[in-house]
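Keep the sequence and the 3D view side by side, and try each task before reading its solution.

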Amino acid sequence: MDGQPAESRAEPLLALRGVGKQYPSGRNVVSALTDVTLTVAAGEFVSIVGPSGSGKSTLMNILGLLDRPTSGAYQLAGRPMERMGARQLAAERNERIGFVFQSFYLLPHLRLVDNVAAPLLYFGMAPGRRVERAMAALRLVGIDHLAQRRPTQVSGGQQQRAAIARALVTHPRLILADEPTGNLDTRTSREIMDVFRTLNTEGLTIVQVTHEPGIARYGHRIVAMRDGRVESVASQAEWQSTLDEKDGWSV
Ligand SMILES: Nc1ncnc2c1ncn2[C@@H]1O[C@H](COP(=O)(O)OP(=O)(O)O)[C@@H](O)[C@H]1O
Ligand SMILES: [Mg+2]
C-alpha cells in the first residue's frame with residue numbers, strides 16, 4: 001500500500017458539498033444524509049465505513065448518479081450534476097462509472113464472458129468487439145480461463161471477479177463498490193482487495209463501502225459515517241494504527 005496518488009493536487013474527480021438526502025416516510029421524513037462534504041481525487045482509493053443505516057449506500061447511490069441529493073451540490077469531473085436531466089445522468093453513469101455490489105448480480109443463464117460484455121450493448125458495439133473487450137476485462141481480474149463457464153460453475157470469489165470485470169468493461173474512470181466483500185470469506189476478500197489495489201495503481205479511482213476494518217485499510221483514506229454525517233476521516237496510516245490496537249483485524 002503506497003501513499004498519496006500523484007494527481008491529488010488536481011481538481012477532484014468527485015466533490016460533494018453540503019449534501020443532504022431526505023426520504024419521505026409516512027408523514028415524516030428520514031434524513032439519510034446531512035451536510036456531507038467530501039472530495040475524492042482522481043486516482044484515489046477511498047473506503048467508507050459506518051454502522052448499518054449510517055447512510056453509506058445512500059452516499060454511494062448519489063456518487064453513482066443513481067439518486068439525486070435533496071440539497072447541496074455534486075460535481076463529477078468538475079461538472080455540476082444537478083443541472084443534468086435523467087438521460088444525461090444515465091449517459092454519465094454508463095460512460096464513467098463501474099458498479100460492484102455485495103450480491104454479484106450475474107445473470108445465471110449467461111456465460112461469464114457474456115455477463116461481462118452485457119454493459120457494452122448500451123454503446124452499440126459490434127459483437128466481436130464486445131467479446132474482445134470482455135475477454136480483456138476478464139484477463140485483468142485473472143479469470144479469462146473461466147470465460148465459458150456460467151456463474152454457478154465458479155466460486156464466489158470468481159463470481160465477484162467477473163462482476164468487477166463487468167464494471168471495468170466500459171473503461172470507467174471510477175469504480176463504486178458497496179460491500180464488495182460482504183459475501184466472501186477472509187482469504188477471498190483479500191484477493192478481491194488485491195485486484196482493487198492493482199486497478200487503483202493503474203489509475204482507476206475507487207470508492208468502496210465496507211463494515212470490515214481490515215478491508216477498509218486498503219483505502220488511502222477512510223471516511224467514517226454516523227447518522228448520515230461524516231464523523232471522521234482517517235489516513236491509511238492513522239487507520240492502520242487503530243487496527244494495530246485491536247487484535248485480529250489485520251486481514
Ligand atoms: N429509499 C429509501 N426510503 C426511505 N428511507 C431510506 C431509503 N433508503 C435509505 N433509507 C434510510 O436512510 C438511512 C440510511 O440508509 P442507507 O444509506 O441504506 O445506510 P447504510 O448503507 O449505511 O446501511 C436509513 O435510516 C434508511 O432506513
Ligand atoms: Mg448499505
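**Exercise 1.** Find the residue with positive phi that follows α1, and work out how many residues of α1 are buried.

*Solution.* Step one: Leu-65 comes after α1, and its phi is positive, near 60°. Before going on, note that this is a predicted model, in which local features need pLDDT of at least 70, side-chain atom pairs count only at pLDDT 80 or more, and totals for chains, interfaces and linings use all residues. Residues are numbered from 1 along each chain as its sequence is written, chains are lettered from A and ligands numbered from 1 in the order in which they are written, and side-chain values use heavy atoms, leaving out hydrogens and water.

Step two: helices (H or I, at least four residues) and strands (E, at least two) are DSSP runs, numbered from the N terminus. Helix α1 spans residues 56-63 and is mostly covered, with six of its eight residues buried. Buried means under 20% relative accessible area, exposed over 50%, and partly exposed in between (1.4 Å probe, protein chains only).

Step three: Lys-56, Thr-58, Leu-59, Met-60, Ile-62 and Leu-63 are the buried residues of α1.

**Exercise 2.** Locate Val-233 and decide whether Val-233 is buried, partly exposed or exposed.

*Solution.* Step one: Val-233 lies in strand β10. Step two: its relative accessible area is 42%, so Val-233 is partly exposed. Step three: leaving aside neighbours within four places in sequence, Val-233 is in contact (heavy atoms within 4.5 Å) with Arg-221, Ile-222, Val-223 and Glu-238. Step four: Ile-48 is 185 residues from Val-233 in sequence, and their C-alpha atoms are 9.2 Å apart.
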